[in-house]
Amino acid sequence: MATNRRTLLKAATALPALGALPWRHARAQAAATIRIGVLNDQSGMYRDISGQTAVACARQAVADFGAQGFTVEILSADHQNRPDVGSNIARQWIDRDGVDLILDVTTSSVALAVNDICREKNKVHLNSTAATSDLTGARCAPTTVHWTYDTYMLARSTGGAMVRAGGDSWYFITADYAFGHALERDTGEFVRQAGGRVLGNVRTPFPGTTDFSSYLVQAQASRAKVIGFANAGADTTNCIKQAAEFGLTRRGVKLASLLMFITDVHALGLQTAQGLVCSETFYWDLNDRTRAFTQRVLPNMGGLRPAMTQAGCYAGVLHYLKAVQDMGVAAAKASGVEAVNRMKAMPTDDDAFGPGSIRADGRKIHPAYLFEVKAPGESRGPWDYYKLLQTTAAEEAFRPVAQGGCPLIRA
Amino acid sequence: MDEIFGIPAPLLFGQLLLGLINGAFYAMLSLGLAVIFGLLNIINFTHGAQFMMGAFAAWMLLNWVGLNYWVALILVPIIIGATGVLMEWLMIRRLYKLDHLYGLLLTFGIGLIVEGLFRNEFGSSGLPYQIPPQLSGAWDLGFMFLPVYRGWVVAFALVICLATWIVIEKTRLGAYLRAATENASLVQAFGINVPRMVTLTYGAGVGLAALAGVLAAPIYSVNPQMGSNLIIVVFAVVVIGGMGSILGSVITGFGLGVVEGLTKVFWPEASATVIFVIMAIVLLARPAGLFGRA
């Protein structure tokens with residue numbers, strides 16, 4: 001029996017690794033082909049904000065652009081939120097499959113790893129879903145464009161609004177990896193600048209934490225007025241659900257869901273989520289252009305509405321293809337740095353984000369919106385979840401270039 | 001008195017209680033695994049997926065059929081248990097004569113497929129499921145604020161664990177089960193339909209997982225990966241308790257819940273690892289587990 005058990009245990013530990021084998025893609029032959037690799041979470045907790053929906057949005061961009069003189073091929077793979085898996089796929093794509101642009105890259109830890117690879121290989125890294133502001137700060141690269149949002153923008157928009165509403169003492173429940181740390185750091189700075197205090201924090205293991213009650217009770221014991229959730233996806237929905245269960249909000253504690261997507265609101269249901277505020281840069285029902293874009297991609301979305309991150313994949317690819325058209329396929333394929341420089345030189349305009357631009361540090365800037373989740377009675381139809389509270393102008397929504405510490409700017 | 005090891009006493013008591021609540025889930029899940037392993041010698045890696053199916057089945061009953069939590073508590077274990085019976089009858093029974101590894105591979109594979117199918121259908125963000133109105137609200141215990149629902153989970157899980165233990169250790173049916181574990185052909189010679197008993201045992205184990213899923217639905221996010229997050233920890237619990245030991249898995253389940261709860265206060269970053277560290281130590285000192293027979 002004893003030996004049997006050991007064999008079983010060994011097998012049990014080895015099994016999850018089997019899932020890590022990346023899917024191989026056949027290498028297309030044509031030379032005048034731009035290859036875009038969508039690298040994101042397709043099976044884990046961030047699947048609904050990236051996943052195949054992001055791939056569908058990238059395809060929509062290709063269709064809307066209607067490239068002439070060159071073809072665009074889209075690959076996709078699941079990095080399972082693991083930096084090692086993500087790095088391996090990125091290297092294989094660039095070295096073996098001739099990928100020119102790596103798109104989306106959910107999960108900050110994976111994004112930072114892929115960022116270094118793209119810099120080394122001179123390929124474009126167009127990031128939409130990772131949140132860490134380090135991508136355009138200390139770790140910025142001439143090959144990177146960070147499209148949709150970042151931790152600084154969330155901290156300023158949601159954090160700033162909470163402090164203005166009187167929430168001057170904070171306690172953070174933070175996912176213990178690059179993203180959580182960055183979000184906590186950026187929000188903490190805002191709180192302190194506004195004269196507030198950070199009373200404490202707790203770092204929760206990521207991924208794999210489902211019960212947050214212990215951390216919520218610790219947060220409550222700190223007597224902070226605001227509990228900041230520096231996490232995302234199922235972590236955030238579990239936190240909100242369990243905070244309601246433990247009656248935190250009923251006793252006057254405010255919850256700051258620093259990063260919450262429309263898919264999270266959908267998962268919570270309006271009954272639980274009503275009244276929460278969150279910041280996004282895209283909402284499907286914001287204006288005529290966003291509604292038009294949503295109508296076009298909807299048939300390929302499997303019942304979901306695009307989150308801002310997936311809209312970012314659409315807009316980013318569209319702008320990249322415009323730059324490729326402008327500079328020529330051969331030049332764009334030859335140098336990721338040149339392609340990104342061209343993207344920075346051209347103003348952006350698309351249905352999802354409207355007009356905007358990309359700064360020298362790789363930060364795409366556009367307005368940020370602070371939304372409040374509607375009460376069940378206010379919602380007029382499926383996915384009618386947000387009402388707009390305030391808009392932060394593009395120039396103010398993101399961290400000023402000089403404060404980021406991006407080496408590209410100093411040079 | 002106010003502080004113990006630098007932690008305020010009320011906070012510490014609160015954490016002990018919360019640990020016990022998480023332990024209730026570990027105990028219920030490891031109980032099903034222990035029952036299945038004890039009788040079938042199958043390491044049921046589909047257990048996490050079956051826990052998840054239980055939570056989803058509760059959601060489906062509510063949203064598609066209009067049946068509430070209390071009905072789900074009874075119906076879901078039966079429905080999901082029936083899928084277990086079908087699975088045993090169609091596939092698992094073909095593997096009894098082979099090495100353990102084949103059973104493990106089959107159940108792990110089925111678990112992945114089930115999880116994938118649910119993810120395709122429902123996405124990964126999860127679905128809302130409210131706490132039943134009779135169990136909403138909370139008690140103020142002085143040292144902490146205890147949601148009524150959590151108290152219900154602990155009480156209910158204790159009753160189920162005790163009932164399972166009594167059935168297996170103290171009843172005639174349990175005696176048949178234990179005898180069949182020792183020597184199946186001899187029991188069959190006495191006129192007892194062992195294959196049917198084995199099938200139903202698997203169904204019952206799966207039903208326990210589904211029941212835990214219904215209990216979890218109102219407090220955890222109902223999403224396809226909710227089972228895989230728990231299942232590895234639960235396997236560690238079973239190994240620490242001793243494979244196949246009913247009492248061992250229950251006591252270890254609650255005990256490790258408490259240990260994990262305390263780790264969340266003293267060293268939160270290590271709370272995901274502590275159970276595996278204990279597992280390594282236990283395997284070195286007592287390879288058969290705390291309550292297992294060597």
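This is a predicted model: local features need pLDDT of at least 70, side-chain atom pairs count only at pLDDT 80 or more; totals for chains, interfaces and linings use all residues.
Let us begin with the overall picture, where the two chains can be set side by side.

| Property | Chain A | Chain B |
|---|---|---|
| Secondary structure | 16 helices and 15 strands | eleven helices and four strands |
| C-alpha extent along principal axes | about 65 × 65 × 45 Å | roughly 65 × 50 × 35 Å |
| Buried residues | 59% of 411 residues | 53% of 294 residues |
| Radius of gyration | 21 Å | 19 Å |

Chain B, with its eleven helices and four strands, has a radius of gyration of 19 Å, close to the 19 Å that the globule rule gives for 294 residues, so chain B is as compact as a globular protein of that length. For chain A, a compact globule of 411 residues would have a radius of gyration near 22 Å, and the 21 Å of the model agrees with this.

In chain A, 74% of the contacts between residues at least 6 apart in sequence join residues at least 24 apart. In chain B, residues 24 or more positions apart account for 75% of the contacts with a separation of 6 or more.

**Annotated spans in chain B**

An unreviewed UniProt entry lists several stretches of chain B under "transmembrane region", including residues 12-35, 42-62, 200-220 and 265-285. Two of the listed spans are worth a look in the model. Residues 200-220 of chain B are 81% helix and 0% strand, and the C-alpha atoms at the ends of this span lie 29 Å apart. Residues 265-285 of chain B are 67% helix and 0% strand, with 27 Å between the end C-alpha atoms.

Turning to chain A, strand β1 (residues 33-40) runs parallel to β2(A), and eight bridges join the two. You can find one point of this pairing at A:Thr33, which stands opposite A:Thr71 in β2(A). Strand β2 (residues 71-78) of chain A is mostly covered, with six of its eight residues buried.

**An antiparallel sheet in chain A**

Further along chain A, three strands form an open antiparallel sheet in the order β11-β12-β13. Strands β11 (348-350) and β13 (364-365) of chain A stand at the edges with a single partner strand each, so one side of each is left without a neighbour in the sheet. Between β11(A) and strand β12 (residues 354-358) of chain A, the antiparallel pairing extends over three bridges. Here A:Thr348 stands opposite A:Gly356 in β12(A).

Which residues of helix α14 (residues 336-345) of chain A are buried? They are A:Gly336, A:Ala339, A:Val340, A:Arg342 and A:Met343. These residues cover an arc of only 155 degrees around the axis, which puts them on the same side of α14(A). The elements covering the buried residues of α14(A) include the helices α4 (108-121), α12 (308-327) and α13 (329-334) of chain A, along with the strands β4 (124-127), β5 (144-146) and β12 of chain A.

Definitions and conventions
Residues are numbered from 1 along each chain as its sequence is written. Chains are lettered from A and ligands numbered from 1 in the order in which they are written. Two strands pair if DSSP finds at least two bridges between them. UniProt positions are given in the numbering used here, feature names are shortened, and annotations may be inferred rather than shown by experiment. The radius of gyration is taken over C-alpha atoms; the globule rule is 2.2 Å times the number of residues to the power 0.38. A residue is buried if 20 or more other C-beta atoms lie within 10 Å of its own, exposed if 12 or fewer, and partly exposed in between; C-beta atoms are placed from the backbone. Two residues are in contact if their C-beta atoms, placed from the backbone, lie within 7 Å. The arc is that of the directions from the helix axis to the C-beta atoms.
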